[in-house]
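Student: I would like to go through the labels attached to this model and check each one against its criterion.
Tutor: Ask about them one at a time.

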Amino acid sequence: MVYLDNAATTKVRQEAVDAAVNAMEKQYGNPSSLHRFGLEAENIVTAARKTIAKTLGCTPAELFFTSGATESSNLAILGGTQAMHRRGNRVVTTTVEHPATGHPFDELEKQGLEVIRISPRENGKFAPEDFVEAVNDQTILVSCMYVNNETGLILPIDEIGKKIKRKSPNLLFHVDAVQAFGKLPFQVGRMPVDMMSISGHKIYAPKGIGALYLKKGVRVLPRNLGGGQEKGLRSGTESVPMIAGFGTAIQAIAPSIRRNLSYYQELNHYLREQMEGIPGIVWNSQLDDAPYICNFSVLGIRSEIMLHFLEQKEIYVSSGSACSKGAHSGVLSELGCSDQKVDSALRISFSYETTKQDLDCLIAGLQEGMATLARQK
């Protein structure tokens with residue numbers, strides 16, 4: 001089997017599996033309980049929070065556990081605007097966001113807020129100046145992704161944050177870092193960012209766990225009301241097994257982030273070299289995009305047809321965002337791709353276990369698919 005869909009989800013590391021199982025079978029107390037068994041569970045949560053915060057570059061007090069990045073982004077965007085609503089009614093985002101960010105803005109628009117959606121320029125890149133221009137004295141929140149989940153496009157988060165904060169210091173700046181955290185080296189505490197969403201299952205932890213970074217002093221109204229866990233920001237008994245797996249996965253990969261990034265660049269260059277000269281294959285990802293996400297089109301063959309052909313060979317790729325379930329999200333069109341390229345686009349994404357042999361299998365499968373499917377037309 002060749003698994004090349006790591007931007008959709010990753011294989012859980014064995015260390016993370018063991019940590020989650022231990023928290024289910026042995027240290028299964030409720031972390032809110034006052035007895036020793038509850039304290040043991042609380043200690044697992046505390047240790048994981050410290051580990052993740054260290055890698056993210058913030059204090060443990062600024063990190064709040066959620067069920068995943070979707071909840072984190074909803075909490076940041078909806079809870080943030082609710083806390084700031086008396087200061088203005090304009091919010092700003094982009095046209096290429098993941099639905100976990102895009103749909104909350106749709107909801108804000110229904111509620112009567114003015115939503116400004118910034119498009120990339122003709123070169124497929126985002127200009128910080130466009131964000132600055134969109135900000136006025138009524139702007140209360142700006143949100144954008146760090147790395148695009150379909151192409152690997154890296155947005156200039158630092159520059160965007162510095163310039164919009166210079167124009168309007170009191171607005172909130174939220175970043176969806178799902179495809180960046182654990183893959184790109186950065187420290188959120190050194191960035192002009194107020195809130196950041198991260199996810200576990202993109203970085204070898206179990207599904208169903210994520211976190212929200214909330215800069216000290218930033219106020220967000222809770223969406224979950226209940227027992228007051230996570231300092232009242234996210235009520236509900238903490239999922240100790242998932243948190244244990246999250247912390248353990250981060251502990252395992254944190255020392256290798258830069259080394260893995262260099263390896264992904266090597267794989268990316270190898271794939272491009274091997275594909276060069278194959279008629280009908282054109283790249284949608286650019287050379288300066290995140291190297292672990294590769295988007296290309298096999299012209300003349302619809303994405304889902306080639307995807308299922310490769311699946312028969314036990315080669316697993318994607319036709320775009322996993323959350324779109326095969327439907328075109330419009331991201332590629334926004335980034336300047338033609339309808340022909342959009343209809344035939346495939347996304348592959350690496351893990352630290354991906355090998356050049358895996359990519360050789362992919363290329364052979366693509367070439368066989370192109371020959372076979374062309375005859376069937």
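Student: Which residues form a nonpolar patch on the surface, and with about how much accessible area together?
Tutor: The model is a predicted one. In it, V17, V21 and M24 form the patch, and their accessible area together is about 210 Å². Patch members need over 30% relative accessible area, and nonpolar side chains are joined within 5 Å.

Student: Why is M24 called partly exposed?
Tutor: M24 has a relative accessibility of 48%. Exposed requires over 50% and buried under 20%, so M24 falls in between and counts as partly exposed. The residue sits in helix α1, residues 14-25.

Student: How do you know whether R234 is buried or exposed?
Tutor: The relative accessible area of R234 is 15%. The cut-off for buried is under 20%, therefore R234 is buried. Its place is the loop between β8 (210-214) and α7 (240-253).

Student: What makes the pairing of R234 and E71 a polar contact?
Tutor: The two side chains meet at 2.7 Å. The limit for a pair of N or O atoms is 3.5 Å, so the R234 and E71 pair qualifies. Neighbours within four places in sequence aside, R234 is in contact with F65, T66, S67, E71, N224 and Q229.

Student: Why is β8 described as largely enclosed by the rest of the structure?
Tutor: Five of the five residues of β8 are buried, which is why the strand is described that way. Both faces are covered: on one side G210, L212 and L214 are buried, and on the other A211 and Y213 are buried.

Student: What makes β2 and β7 paired partners of β8?
Tutor: Pairing needs at least two bridges. Strand β2 (residues 63-66) has four bridges to β8, and strand β7 (residues 195-199) has five, so each meets the criterion. β2 runs antiparallel to β8, and β7 also runs antiparallel to β8.

Student: Why does L155 count as buried?
Tutor: L155 has 2% relative accessibility, and buried means under 20%, so the label holds. L155 lies in the loop between β5 (139-145) and α6 (157-167).

Student: Which residues is L155 in contact with, leaving aside neighbours within four places in sequence?
Tutor: They are T94, F126, C144, M145 and Y146. As for A127, 28 residues apart from L155 along the chain, the C-alpha atoms of the two are separated by 8.7 Å.

How values were computed
Residues numbered from 1 in each chain as written. Predicted model: local features only at pLDDT ≥ 70, side-chain atom pairs only at ≥ 80, totals over all residues. Heavy atoms only, no water. Patch = residues over 30% accessible without salt bridge, like charges linked within 9 Å, V, L, I, M, F, W, Y side chains within 5 Å. Areas by Shrake-Rupley, 256 points an atom, 1.4 Å probe, with all protein chains shown as cover. Salt bridge = Lys/Arg side-chain N within 4 Å of Asp/Glu carboxyl O. Helix = DSSP H or I, 4+ residues; strand = E, 2+ residues; numbered from the N terminus. Buried < 20%, exposed > 50% of the residue type's maximum accessible area, 1.4 Å probe, protein only. Polar contact = N/O pair within 3.5 Å; in protein donor to acceptor, adjacent residues only side chain to side chain. Contact = heavy atoms within 4.5 Å.
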